[in-house]
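Please view the sequence and structure first.

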Amino acid sequence: MNSSLDEILDGRRWRLREYPFRHLWAEPVFRRTRYEQMVLELRQLLAVDGTDGFQRNMRGYDATGHSFRPGYRGAFEAFLSSEFRDALSRVFDVPVTCDVNASLHHHEAGAASGQVHNDLNPGWFVARPHPDGVNLADSGRCSYRYGTTPEPGLETVERVRAVAVLYYLDNGPWFPGRGGETGLYLDRTTAVTEPTVLVPPTDNGMLAFECTPTSFHTYLASTTQRNSLVLWLHRSKEDAVARWTDREIVRWARASGR
(Lines give C-alpha, C1' and ligand atoms only; values in the text may rest on other atoms or scores of the structure.)
Protein backbone atom coordinates (compact mmCIF):
# COMPACT_ATOMS: atom_id res chain seq x y z
CA MET A 1 0.00 0.00 0.00
CA ASN A 2 3.07 2.23 -0.11
CA SER A 3 2.34 5.40 -2.14
CA SER A 4 3.96 8.78 -2.47
CA LEU A 5 2.30 11.62 -0.59
CA ASP A 6 1.53 13.42 -3.82
CA GLU A 7 -0.65 10.50 -4.90
CA ILE A 8 -2.79 10.32 -1.76
CA LEU A 9 -2.93 13.84 -0.30
CA ASP A 10 -6.06 15.84 -1.06
CA GLY A 11 -4.01 18.82 -2.21
CA ARG A 12 -5.67 21.49 -0.07
CA ARG A 13 -3.51 24.03 1.73
CA TRP A 14 -2.25 23.39 5.24
CA ARG A 15 -2.94 26.37 7.50
CA LEU A 16 -0.34 27.48 10.06
CA ARG A 17 -1.74 29.33 13.05
CA GLU A 18 0.19 31.18 15.75
CA TYR A 19 -2.26 31.31 18.69
CA PRO A 20 -2.05 30.18 21.45
CA PHE A 21 1.12 28.56 20.10
CA ARG A 22 2.19 27.69 16.58
CA HIS A 23 0.13 24.80 15.21
CA LEU A 24 -0.89 23.44 11.86
CA TRP A 25 -4.45 22.54 10.83
CA ALA A 26 -5.21 20.65 7.62
CA GLU A 27 -8.60 19.50 6.33
CA PRO A 28 -9.19 17.34 4.37
CA VAL A 29 -5.78 15.69 4.43
CA PHE A 30 -6.13 12.59 2.25
CA ARG A 31 -8.06 11.69 -0.84
CA ARG A 32 -11.29 9.85 -0.20
CA THR A 33 -10.01 6.41 -1.20
CA ARG A 34 -7.09 6.46 1.25
CA TYR A 35 -9.25 7.92 4.02
CA GLU A 36 -11.76 5.09 3.61
CA GLN A 37 -8.94 2.53 3.72
CA MET A 38 -7.77 3.96 7.04
CA VAL A 39 -11.31 3.89 8.45
CA LEU A 40 -11.68 0.24 7.43
CA GLU A 41 -8.37 -0.70 9.07
CA LEU A 42 -9.32 1.18 12.24
CA ARG A 43 -12.67 -0.65 12.48
CA GLN A 44 -11.02 -4.01 11.89
CA LEU A 45 -8.52 -3.37 14.70
CA LEU A 46 -11.27 -2.23 17.08
CA ALA A 47 -12.99 -5.57 16.49
CA VAL A 48 -9.90 -7.61 17.41
CA ASP A 49 -9.54 -8.97 20.96
CA GLY A 50 -6.23 -9.37 22.75
CA THR A 51 -2.79 -7.91 22.16
CA ASP A 52 -3.31 -7.48 18.41
CA GLY A 53 -6.23 -5.11 18.94
CA PHE A 54 -6.83 -2.09 21.15
CA GLN A 55 -5.66 -2.19 24.76
CA ARG A 56 -6.26 -0.07 27.83
CA ASN A 57 -2.62 0.44 28.73
CA MET A 58 -2.15 4.24 28.62
CA ARG A 59 -1.73 5.23 32.24
CA GLY A 60 -3.57 8.46 33.00
CA TYR A 61 -5.70 8.40 29.82
CA ASP A 62 -9.32 7.26 29.64
CA ALA A 63 -8.81 5.60 26.27
CA THR A 64 -7.67 2.42 24.56
CA GLY A 65 -4.84 2.32 22.07
CA HIS A 66 -3.20 0.25 19.36
CA SER A 67 0.50 0.88 18.69
CA PHE A 68 2.12 0.45 15.30
CA ARG A 69 5.04 -1.97 15.39
CA PRO A 70 8.28 -2.17 13.38
CA GLY A 71 7.62 -3.48 9.89
CA TYR A 72 4.04 -2.18 9.80
CA ARG A 73 2.40 -2.11 6.38
CA GLY A 74 -1.09 -0.75 5.96
CA ALA A 75 -3.34 2.19 5.27
CA PHE A 76 -1.60 4.47 7.80
CA GLU A 77 1.97 3.99 6.57
CA ALA A 78 2.04 7.41 4.86
CA PHE A 79 2.37 8.93 8.34
CA LEU A 80 5.58 6.94 8.86
CA SER A 81 7.22 7.90 5.57
CA SER A 82 10.30 10.05 5.21
CA GLU A 83 8.22 12.39 3.00
CA PHE A 84 5.81 13.06 5.84
CA ARG A 85 8.60 13.54 8.38
CA ASP A 86 10.44 15.91 6.06
CA ALA A 87 7.30 17.95 5.39
CA LEU A 88 6.64 18.56 9.09
CA SER A 89 10.32 19.16 9.76
CA ARG A 90 10.19 21.99 7.21
CA VAL A 91 6.90 23.42 8.48
CA PHE A 92 8.17 23.79 12.04
CA ASP A 93 11.88 24.20 11.22
CA VAL A 94 12.70 21.29 13.54
CA PRO A 95 15.48 18.76 12.87
CA VAL A 96 13.92 15.30 13.31
CA THR A 97 15.40 11.83 13.48
CA CYS A 98 13.94 8.66 11.92
CA ASP A 99 12.48 7.67 15.31
CA VAL A 100 8.66 7.61 15.43
CA ASN A 101 6.05 6.62 18.00
CA ALA A 102 2.60 6.13 16.45
CA SER A 103 -0.66 4.63 17.65
CA LEU A 104 -4.43 4.74 17.22
CA HIS A 105 -6.48 6.06 20.14
CA HIS A 106 -10.13 5.29 20.84
CA HIS A 107 -12.18 7.25 23.40
CA GLU A 108 -15.57 5.82 24.27
CA ALA A 109 -18.56 8.13 24.63
CA GLY A 110 -18.29 9.88 27.99
CA ALA A 111 -14.54 9.26 28.38
CA ALA A 112 -13.03 11.73 30.83
CA SER A 113 -11.05 14.75 29.68
CA GLY A 114 -7.29 14.57 29.99
CA GLN A 115 -4.93 16.84 31.89
CA VAL A 116 -3.23 19.90 30.41
CA HIS A 117 0.30 18.94 29.31
CA ASN A 118 2.91 19.86 26.70
CA ASP A 119 4.31 16.55 25.27
CA LEU A 120 7.94 17.67 25.74
CA ASN A 121 8.89 14.18 26.92
CA PRO A 122 11.73 11.74 26.29
CA GLY A 123 11.31 8.61 24.20
CA TRP A 124 13.63 5.62 23.97
CA PHE A 125 14.26 3.51 20.88
CA VAL A 126 16.27 0.52 19.78
CA ALA A 127 19.31 2.08 18.10
CA ARG A 128 18.85 0.14 14.90
CA PRO A 129 16.33 1.48 12.36
CA HIS A 130 14.24 -0.89 10.28
CA PRO A 131 15.57 -1.38 6.71
CA ASP A 132 12.83 0.99 5.44
CA GLY A 133 14.47 3.85 7.36
CA VAL A 134 11.73 4.14 9.96
CA ASN A 135 12.57 3.43 13.59
CA LEU A 136 9.20 2.74 15.17
CA ALA A 137 9.03 2.48 18.93
CA ASP A 138 9.13 -1.20 19.93
CA SER A 139 7.85 -1.60 23.49
CA GLY A 140 8.51 -5.35 23.48
CA ARG A 141 12.24 -4.72 23.14
CA CYS A 142 12.72 -1.26 24.65
CA SER A 143 10.46 0.68 27.02
CA TYR A 144 9.54 3.90 25.23
CA ARG A 145 9.32 5.83 28.50
CA TYR A 146 12.31 4.49 30.41
CA GLY A 147 14.68 2.74 27.99
CA THR A 148 14.66 -0.55 29.89
CA THR A 149 15.04 -3.68 27.78
CA PRO A 150 14.80 -7.46 28.37
CA GLU A 151 17.65 -8.05 25.89
CA PRO A 152 21.11 -7.80 27.51
CA GLY A 153 23.48 -5.72 25.43
CA LEU A 154 20.78 -4.24 23.21
CA GLU A 155 21.84 -0.73 22.21
CA THR A 156 19.16 1.92 22.85
CA VAL A 157 19.02 5.66 22.29
CA GLU A 158 17.17 8.45 24.09
CA ARG A 159 15.28 11.00 21.98
CA VAL A 160 12.91 13.86 22.82
CA ARG A 161 9.53 14.49 21.24
CA ALA A 162 9.80 17.16 18.56
CA VAL A 163 6.45 17.30 16.72
CA ALA A 164 3.06 15.96 17.78
CA VAL A 165 0.43 14.93 15.21
CA LEU A 166 -3.25 14.15 15.76
CA TYR A 167 -5.25 12.87 12.81
CA TYR A 168 -9.01 12.43 13.33
CA LEU A 169 -11.08 9.78 11.60
CA ASP A 170 -14.38 7.86 11.73
CA ASN A 171 -16.00 10.23 14.22
CA GLY A 172 -19.06 11.16 12.17
CA PRO A 173 -20.41 14.68 11.66
CA TRP A 174 -19.06 17.04 14.30
CA PHE A 175 -21.01 19.99 15.70
CA PRO A 176 -20.50 22.40 18.64
CA GLY A 177 -21.54 20.82 21.91
CA ARG A 178 -20.61 17.31 20.86
CA GLY A 179 -17.17 17.51 22.49
CA GLY A 180 -14.11 15.44 21.68
CA GLU A 181 -12.04 18.47 20.71
CA THR A 182 -8.37 18.95 21.40
CA GLY A 183 -8.05 21.96 23.68
CA LEU A 184 -5.07 24.29 23.27
CA TYR A 185 -4.00 26.43 26.24
CA LEU A 186 -1.89 29.49 26.94
CA ASP A 187 -0.93 28.25 30.39
CA ARG A 188 -0.61 24.91 32.19
CA THR A 189 -2.65 26.21 35.14
CA THR A 190 -5.69 27.02 32.99
CA ALA A 191 -8.73 24.88 33.84
CA VAL A 192 -9.23 21.98 31.42
CA THR A 193 -12.76 23.23 30.78
CA GLU A 194 -11.49 26.67 29.68
CA PRO A 195 -9.28 26.06 26.62
CA THR A 196 -7.92 29.04 24.73
CA VAL A 197 -8.62 27.38 21.36
CA LEU A 198 -10.77 24.38 20.46
CA VAL A 199 -9.70 22.10 17.60
CA PRO A 200 -12.66 19.95 16.45
CA PRO A 201 -12.10 16.24 15.72
CA THR A 202 -13.27 16.64 12.14
CA ASP A 203 -12.93 13.50 10.04
CA ASN A 204 -9.85 13.56 7.79
CA GLY A 205 -8.52 16.59 9.68
CA MET A 206 -5.02 16.90 11.15
CA LEU A 207 -3.53 18.96 13.96
CA ALA A 208 0.25 19.20 14.35
CA PHE A 209 2.55 21.30 16.52
CA GLU A 210 6.10 21.46 17.77
CA CYS A 211 6.54 20.01 21.26
CA THR A 212 7.80 22.93 23.35
CA PRO A 213 7.62 23.95 27.01
CA THR A 214 4.44 25.92 26.19
CA SER A 215 2.56 23.64 23.75
CA PHE A 216 -0.19 22.97 26.31
CA HIS A 217 -3.11 20.83 25.15
CA THR A 218 -5.42 17.95 26.07
CA TYR A 219 -8.35 15.79 25.01
CA LEU A 220 -11.79 17.09 25.96
CA ALA A 221 -14.65 14.75 26.87
CA SER A 222 -17.12 13.82 24.14
CA THR A 223 -20.75 12.71 24.09
CA THR A 224 -19.79 10.13 21.44
CA GLN A 225 -16.70 8.11 20.57
CA ARG A 226 -13.56 9.83 19.27
CA ASN A 227 -10.94 8.14 17.15
CA SER A 228 -7.54 9.50 16.20
CA LEU A 229 -4.07 8.60 15.10
CA VAL A 230 -1.50 10.08 17.49
CA LEU A 231 2.10 10.33 16.35
CA TRP A 232 5.30 11.88 17.63
CA LEU A 233 8.39 12.72 15.63
CA HIS A 234 11.58 13.06 17.65
CA ARG A 235 14.76 15.11 17.80
CA SER A 236 18.10 14.21 19.33
CA LYS A 237 18.37 14.76 23.06
CA GLU A 238 21.38 17.01 22.46
CA ASP A 239 19.32 19.26 20.19
CA ALA A 240 16.44 19.43 22.69
CA VAL A 241 18.73 20.28 25.60
CA ALA A 242 20.53 22.95 23.55
CA ARG A 243 17.22 24.61 22.77
CA TRP A 244 15.18 24.12 25.96
CA THR A 245 17.69 22.94 28.64
CA ASP A 246 17.39 19.54 30.30
CA ARG A 247 15.22 21.00 33.05
CA GLU A 248 12.36 21.68 30.62
CA ILE A 249 12.12 18.06 29.45
CA VAL A 250 9.23 16.43 31.34
CA ARG A 251 10.37 13.05 32.64
CA TRP A 252 7.91 10.19 33.04
CA ALA A 253 6.81 9.34 36.57
CA ARG A 254 7.38 5.72 37.50
CA ALA A 255 4.40 3.82 38.87
CA SER A 256 5.00 1.96 42.12
CA GLY A 257 5.87 -1.67 41.59
CA ARG A 258 6.99 -1.15 38.00
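The points below are grouped by topic, after a note on the model.

The model is predicted, so local features need pLDDT of at least 70 and side-chain atom pairs count only at pLDDT 80 or more, while totals for chains, interfaces and linings use all residues. Residues are numbered from 1 along each chain as its sequence is written, and side-chain values use heavy atoms, with hydrogens and water left out.

**Salt bridges**

- The whole structure holds 13 salt bridges, each defined as a side-chain nitrogen of Lys or Arg within 4 Å of a carboxyl oxygen of Asp or Glu.
- One of them joins the side chains of R159 and D99 at 2.8 Å, N to O.
- Because R159 is in strand β7 (residues 156–168) and D99 in strand β4 (residues 99–107), this pair ties together parts 60 residues apart in sequence; strands are DSSP runs of E with at least two residues, and helices are runs of H or I with at least four, numbered from the N terminus.
- R159 has a relative accessible area of 19% and is buried, as is D99 at 2%; buried means under 20% relative accessible area, exposed over 50% and partly exposed in between, with a 1.4 Å probe and protein chains only.
- R235 forms a salt bridge with E210 (3.1 Å, N to O).
- R235 belongs to strand β12 and E210 to strand β10 (residues 205–210), so the pair links parts 25 residues apart in sequence.
- R235 also meets D239 in a salt bridge at 2.7 Å, N to O.
- R235 is buried at 1% relative accessibility, whereas D239 is partly exposed at 25%.
- A network of salt bridges links E158, K237, D246 and R251.

**Strand β12 at S228**

- S228 lies in strand β12 (residues 226–236) and is buried, with 1% relative accessibility.

**Helix α3**

- Helix α3 (residues 82–92) has F84, R85, A87, L88, S89 and F92 buried.
- Just after α3, D93 has a positive phi of about 55°.
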